[in-house]
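Trainee: I have a chain to study and some questions about how it holds together. Can we go through them one at a time?

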Amino acid sequence: MGIKTALPAAELGLYSLVLSGSLAYAGRGLLEASQDGAHRKAFRESVRPGWEYLGRKMDVADFEWVMWFTNFRNIIVFALSGHVLFAKLCTMVAPQLRSWMYAVYGVLAVVGTMGPWYLLLLLGHCVGLYVASLLGQPWLCLALGLASLASFKMDPLISWQSGFVTGTFDLQDVLFHGGSGFTVLRCTSFALESCAHPDRRYSLADLLKYNFYLPFFFFGPIMTFDRFHAQVSQEPVRPEGELWRIQAQAGLSAAAIVAVDIFFHFFYILTIPSDLKFASRLPDSALAGLAYSNLVYDWVKAAVLFGVVNTVARLDHLDPPQPPKCITALYVFGETHFDRGINDWLCKYVYDHIGGDHSAVIPELAASVATFVVTTLWLGPCDIVYLWSVLNCFGLNFELWVQKLAECGPLAQIEARLSEQMSRRVRALCGAVNFWAIIMYNLVSLNSLEFTELVARRLILTGKGQGERIRHVPNLTRGQEPLVYPTRTQHPSTQGTQQGFGIGCRVSWMGGFRGRGSSSNRLPPDHTGHLVCYLLWCPAGKGA
């Protein structure tokens, strides 16, 4: 009723002041906890020397962030810079051939990093889905696409296909699953669009140009084939002010990278959850801030990673999927997607196709269940993915159930008696509850089930935050540490080889789907026991 009604400026200012004060108070608790735990033995693997001149250590628990922006930063910059250079030259000389240039450069990059046999493997999947598209049966294309996706997520086919990767590039194991998974989604999109528009007669060359566009190939995001084909086929004309917006986006991405680096020198939000004994000593406000900051950081990382790729795509005169919506502005499950590309893919081919206008309870339930089944397959089935899918599927449907209940006679009459501003306040209270449900449901996959249980028990049930500061005993010899609580578990499949990895995988929302465990370096095992990189959901390379 009053969801779009403006509230008084003074009231909104008061809400902003309370929110800012709460975040500052929680941040103070996290800063003190980070300072107290900087020298703990349990933090030694993931809190490494940083700014020595300030005496600050840095949280390096996120394997993926460290990998992209330190170990392989130069390689990624070199590959993308080469793409931009050749694309610009082709656009100036022969703009009608720029789509071919994208494909050729992408194929050469794939061969150079992954080997020719991997290229042939992907071409086999592309040809298979292209042949299926010629039959004009959407159900067959979708079924074959899901089967191809399953072959990259389940043994023994995943192990057999990984043998096609040749060479010694350290990033190969990570890129294998990224390139393979995104290739299957792109080919499935091509096949379904071909069935939906039989009069357009798309060719195999169109599929290859679409699939091997390098900026999207390994990292995403996904653009559905109809959008990509339409944009790459039109004359490359840049709208007025577009170059300035591209520069602003690149500047924001660079500023976010610097801000995250500074933040990690003062707040160890990724390492603290790995030590439950230490985390249990935090006051309630700091614990709530820790849970909230983990989701905010994930949003920032997704915005940075996709922002860099989208900047390159915009230079190529494409309009890629928008960056994710900030978690602070979310209060409904329907918008909790951090990868809008995959979210668009799921909505177009599964969710909207089954659910229609999403106003009926039964079709909505069937659509959401089908969507999360595909999501679970994309992530790689394991217990924590099942739990995450069930919780978020429930949250998505529960919103519709509450909406239908609010439209019933008695409740609708009560709200009709309220002013529009009061109606918005009541809805805001419900939205606040939903906001924390979003945090809790996704925290189970961000860190670990044990940490989520700790947060839920403390914030909902007991609320007994001791807030004890864990200080070091003075005059200890170097290397001695008081109050050490070893809490991390060892995965059965990695006994004797990898220590400190808790069982678990982490996913994100109805879009960017990822995996992460509760270990100090954020590398979980997948359902086969391999360590995985969360954004691409793939075994991590030995050199990473």
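Trainee: Among contacts between residues at least 6 apart in sequence, what share join residues at least 24 apart?
Mentor: First, this is a predicted model: local features need pLDDT of at least 70, side-chain atom pairs count only at pLDDT 80 or more, and totals for chains, interfaces and linings use all residues. Residues are numbered from 1 along each chain as its sequence is written, and side-chain values use heavy atoms, with hydrogens and water left out. A contact means heavy atoms within 4.5 Å. Of the contacts between residues at least 6 apart in sequence, the share joining residues at least 24 apart is 73%.

Trainee: How many helices and strands does the chain have?
Mentor: Both are DSSP runs, numbered from the N terminus: helices are H or I with at least four residues, strands are E with at least two. By that count, the chain has four strands and 20 helices.

Trainee: What percentage of the 544 residues is buried?
Mentor: Relative accessible area decides: buried is under 20%, exposed is over 50%, and partly exposed is in between (1.4 Å probe, protein chains only). Of the chain's 544 residues, the buried part is 51%.

Trainee: Why does the search find zero disulfides, taking C195 as an example?
Mentor: A disulfide needs a pair of cysteine sulfur atoms within 2.5 Å. C195 is buried, at 14% relative accessible area. Its closest cysteine sulfur is in C141, too far for a bond because the distance is 3.6 Å.

Trainee: E64 and K301 meet in a salt bridge; how many residues apart in sequence are the parts it ties together?
Mentor: A salt bridge is a side-chain nitrogen of Lys or Arg within 4 Å of a carboxyl oxygen of Asp or Glu. For E64 and K301, the N to O distance is 3.6 Å. E64 lies in helix 2 (residues 63–71) and K301 in helix 14, so the parts tied together are apart in sequence by 237 residues.

Trainee: Are E64 and K301 buried or exposed?
Mentor: E64 has a relative accessible area of 1%. K301 has 0%. Both E64 and K301 are therefore buried.

Trainee: Which residues are in the salt-bridge network with R314?
Mentor: R314 pairs with E242, their closest N and O atoms being 3.9 Å apart. Both residues are buried. Salt bridges with shared partners make one network of E242, R245, R314 and D319.

Trainee: Is I362 buried or exposed?
Mentor: I362 is found in helix 16. Its relative accessible area is 62%, so I362 is exposed.
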